[in-house]
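Here is a walk through one protein chain. Keep the sequence and the 3D view side by side as you read.

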Amino acid sequence: MKRLLTIALMAIAAISAQAQQEIYETEMAVLDARGETLIKEYRELMKSDPKGEKATTQKRVTQLSAMLDSISVEQIKLVKRIIRENKDNQLPARYIKEAMYDLGYEGLKEALDPTAAYYNNPDMEKPKQLLASYEKRKPSTMFHELSMKDMNDQEVRLSQWAGKGNYVMVDFWASWCGPCRQEMPNVIQNYERYHAKGFEVVGVSFDQKKNAWVNAVQQMGMRWPQMSDLKGWQCAASDIYGVRSIPASVLLDPQGKIIAIDLRGKALGEKLKEIYGE
């Protein structure tokens, strides 16, 4: 009788877990559908105005971008809730794997709790590798030196700017990286707004071809120092800073200590506003 009772309780628990999983999946599906609708609208806009020259197109694209960002925030909140509510089972594993880049250092560190039931799930292998790479540039550690060449083939070192009394963002990017180019106008806007107050940016390119690198810098109007060893993913920064995807960045305080990583979009502006007071 005791064995039958145990089996019955296990069956009830399994049914309950399955029901909860379906609730999560429904919530995520609703968010995905909203995102797909916005992306479809964006594609239609680009068909009618490929270069995005119309003021109405530009305004709507800005609105769509903000709405998509909002949905992404909701999705990450849902993933974090799934993690928080399911430490005793395997359910969070696939969500963590899918969202690992969006969770950021702190979120991923919290998710990879060694005491959680899912910690040794095979899906955790890549998130663990990503967290290990984040540890190389985690906040509170000092910057790591980089020695490369600038666009004039002169040897330069990151320490020429880092730890010299200003806030410095080391921006890891490449001319061939679509997301990097999409983010660059935001970096430029913040650089122009805060450079006079002491904000500096140092670009570290993961390019292999010098012409592509130099042309991209000129085309996009990046007016800050640049450096590269032109080794692509074999770039020294990839190992030293644990950069596994780009765009990526570290923000250094005036003493050269890392205080934030991978600030993009609104997050970069908000952090600089916090620092400079406006």
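Does Ser-140 count as buried or exposed? Ser-140 counts as exposed, because its relative accessibility is 55%. Exposed means over 50% relative accessible area, buried under 20%, and partly exposed in between (1.4 Å probe, protein chains only).

This is a predicted model: local features need pLDDT of at least 70, side-chain atom pairs count only at pLDDT 80 or more, and totals for chains, interfaces and linings use all residues. Residues are numbered from 1 along each chain as its sequence is written, and side-chain values use heavy atoms, leaving out hydrogens and water.

Start with the whole chain. It has eight helices and seven strands. These are DSSP runs, numbered from the N terminus: helices are H or I with at least four residues, strands are E with at least two. Of the 278 residues, 41% are buried. The C-alpha trace spans about 80 × 45 × 40 Å along its principal axes.

Return to Ser-140. It sits in the loop between helix 4 (125-135) and strand 1 (147-149).

Now move to Pro-247, in the loop between helix 7 (236-240) and strand 6. The peptide bond from Ile-246 to Pro-247 is cis, with omega near 5 degrees.

Strand 6 (residues 248-252) pairs with strand 7 (residues 258-261) in the antiparallel sense, over three bridges. Pairing requires at least two bridges found by DSSP. Val-250 has Ile-261 as its bridge partner.
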